[in-house]
Amino acid sequence: MGKMRRESRELVNLDTTALVAIVSGISNGGVGKLMATPEAETRARFKCNYKFVMDQAQPELQFPILIDLGKAVEGKQCIICETVNLEFKEIVSMCGGAEENIRARHLLKQLTTVPDSPSTRMMDLPTTRKLAMKTKIVFGTGDYWRAPTLTANMGFVRAVSQYGLPLLTIEHRPRALIESCNSASSEHETI
């Protein structure tokens, strides 16, 4: 692949939430099994994340997220910055099941990883709890490339907007990795 130039073609910057949503078992056919599992078993599997996971399952049946994500990136070149690449690999290796790891490896081959290159205007924002440095790097890299960031992290977007800084973003619904809890004896592959 040749050298990329800013604005050479339409780009979309993906953050970690977008990558997790793409590879999640919820997004890839696991909802039926999840919904059919007795509640006590599901609560035991997901513990404090039970509500978070179940709140994603029902809407997935009506509005499959991969359709929306596909429309958001159709015909565009998808980029991720090095920070997202590393964070995603770590999250999937720690929390993802075997199929989620396989999907993650396949997905990363389809994306262009660019160096962390946050825009000056993003880095000029103060670093706070709501404006974490890592997140400023991710969104700032999208800003540098003039690419909207596909994200479920609307808290960060709202925090940035309080400084009067417009950000190009495409919002998506969050999805969790769910396959790592399928059995205590399952082996986890790493990407």
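Biologist: In which strand does Thr 149 lie?
Modeller: This is a predicted model, in which local features need pLDDT of at least 70 and side-chain atom pairs count only at pLDDT 80 or more, while totals for chains, interfaces and linings use all residues. Residues are numbered from 1 along each chain as its sequence is written, and side-chain values use heavy atoms, with hydrogens and water left out. Helices (H or I, at least four residues) and strands (E, at least two) are DSSP runs numbered from the N terminus, and the run at residues 149-151, which holds Thr 149, is strand 4.

Biologist: Is Thr 149 buried or exposed?
Modeller: Buried means under 20% relative accessible area, exposed over 50%, and partly exposed in between, with a 1.4 Å probe and protein chains only. Because its relative accessible area is 1%, Thr 149 counts as buried.

Biologist: Which residues does Thr 149 touch, not counting residues up to four places away in sequence?
Modeller: Contact here means heavy atoms within 4.5 Å. By that rule Thr 149 touches Asn 13, Asp 15, Phe 139, Gly 142, Leu 168, Thr 169 and Ile 170.

Biologist: How many Å apart in space are Pro 148 and Thr 169, C-alpha to C-alpha?
Modeller: Pro 148 is found in the loop between helix 9 and strand 4, and at 18% relative accessibility it counts as buried. Pro 148 touches Thr 169, and also Leu 11, Val 12, Asn 13, Leu 168 and Ile 170, when residues up to four places away in sequence are not counted. Although Pro 148 and Thr 169 are 21 residues apart in sequence, their C-alpha to C-alpha distance is 4.6 Å.

Biologist: How does helix 6 lie relative to helix 9, parallel, perpendicular or oblique?
Modeller: Axes are lines fitted to C-alpha atoms, for helices over the stretch in contact, and angles run from 0 to 180 degrees between N-to-C directions. Helix 6 (residues 82-95) and helix 9 (residues 133-144) pack at an angle of about 120°, with their axes 8 Å apart. Angles under 35 degrees count as roughly parallel, over 145 as roughly antiparallel, 65 to 115 as roughly perpendicular and the rest as oblique, and therefore helix 6 is, relative to helix 9, oblique.

Biologist: Which residues of helix 6 and helix 9 make the contact?
Modeller: The contact draws on residues of both helices. Helix 6 contributes Thr 83, Val 84 and Glu 87, and helix 9 contributes Lys 134, Ile 137 and Val 138.

Biologist: How many residues of strand 2 are buried?
Modeller: Strand 2 (residues 77-81) has both faces covered, with Gln 77, Ile 79 and Cys 81 on one side and Cys 78 and Ile 80 on the other. The number of its residues that are buried is 5 of 5.

Biologist: How many disulfides are counted?
Modeller: Cys 78 is buried at 13% relative accessible area, whereas Cys 48 is exposed at 75%. A disulfide is a pair of cysteine sulfur atoms within 2.5 Å, and by this rule the count is 0.
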